Amino acid sequence: MTTPTPTPFSDIKWNEHGLIAAIAQDHITKDVLMLAWMNEKALRLTIAEQRGVYWSRSRSEIWRKGDTSGHVQHVKDIRLDCDKDAILLSVDQVGGKACHTGRPNCFFNQWQQDDWHINEAT
């Protein structure tokens, strides 16, 4: 019996759905822009294209950030965290809007006084 040859993706701790959390961060400001999910194919495409490519859990398909909005993410650096269960993408966010709501990032809901409020400054 032969032992399978390890690949660069063998150590990744994919979840039970074959996905890993992927955080996009602005490569200059270091602002956290969004969190999405990747399967192995999305990660391979991200590496090959140097562009944010993700797995849509709601549509069960690959999606390239910016295909419909024009707000493409050009990948500058890719990192795997110490537990090997999260990816960090350092990106150049074209158009300055990472969120599908048209905001600069997806983290505009802020906890204030026992409830969530939209922080428009984000």
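A pocket is an open set of grid points with protein on both sides within 12 Å along at least five of seven lines. The model examined here is predicted. Its largest pocket has a volume of about 590 Å³. The lining of this pocket comprises 24 residues. M34, W63, K65, A98 and H100 lie nearest the pocket centre. Strand 2 (32-38), strand 3 (53-56) and strand 4 (61-64) each give two or more residues to the lining. Strand 2 gives the most, with four residues. By residue class, the lining holds 10 nonpolar, eight polar and six charged residues.

The largest nonpolar core was examined next. This core has 20 residues. M38, Y54 and L89 have the most contacts inside it. Two or more core residues come from each of strand 1 (20-26), strand 2, helix 1 (40-49), strand 3 and strand 6 (86-93). Strand 2 again gives the most, here with four residues.

A search of the whole structure finds two aromatic pairs. Y54 and W63 form one of them. Their ring centres lie 5.1 Å apart, with 40 degrees between the planes, and the pair is tilted. Y54 is buried because its relative accessibility is 0%, below the 20% cut-off. W63 has a relative accessible area of 22% and is therefore partly exposed. Y54 is among the core residues with the most contacts, and W63 is among the lining residues nearest the pocket centre.

The other pair joins W111 and W116. The ring centres are 5.1 Å apart and the planes meet at 70 degrees, so this pair is edge-to-face. An angle over 60 degrees places a pair in that class. W111 is partly exposed, at 48% relative accessible area. W116 reaches 53% and counts as exposed, because the cut-off for exposed residues is 50%. A contact between a charge and a ring was also found. The charged end of R103 sits over the ring of F108, 3.9 Å from the ring centre.

Backbone angles were then considered. Most residues other than glycine have a negative phi. K84 has a positive phi, near 60 degrees. K84 is found in the loop between strand 5 (73-80) and strand 6. With 30% relative accessibility, K84 is partly exposed. D114 also has a positive phi, near 70 degrees. The loop between strand 7 (109-112) and strand 8 (115-118) contains D114. D114 is exposed, with a relative accessible area of 68%.

A further loop residue is I28. I28 is placed in the loop between strand 1 and strand 2. At 64% relative accessible area, I28 is exposed. I28 and D92 are 64 residues apart in sequence. In space, their C-alpha atoms are 7.9 Å apart.

Conventions
Residues numbered from 1 in each chain as written. Predicted model: local features only at pLDDT ≥ 70, side-chain atom pairs only at ≥ 80, totals over all residues. Heavy atoms only, no water. 1 Å grid on protein atoms, 1.4 Å probe; cavity = no way out; pocket = protein on both sides within 12 Å on 5 of 7 lines; lining within 4 Å. Points joined across faces, edges and corners; volume = space filled by probe spheres on them. Nonpolar A, V, L, I, M, F, W, Y, C, P; charged D, E, K, R; others polar. Phe/Tyr/Trp six-rings, centres within 6.5 Å; stacked < 30°, edge-to-face > 60°. Buried < 20%, exposed > 50% of the residue type's maximum accessible area, 1.4 Å probe, protein only. Lys NZ or Arg CZ within 6 Å of the ring centre and 35° of its normal. Core = buried A, V, L, I, M, F, W, Y, C linked by side-chain atoms within 4.5 Å.
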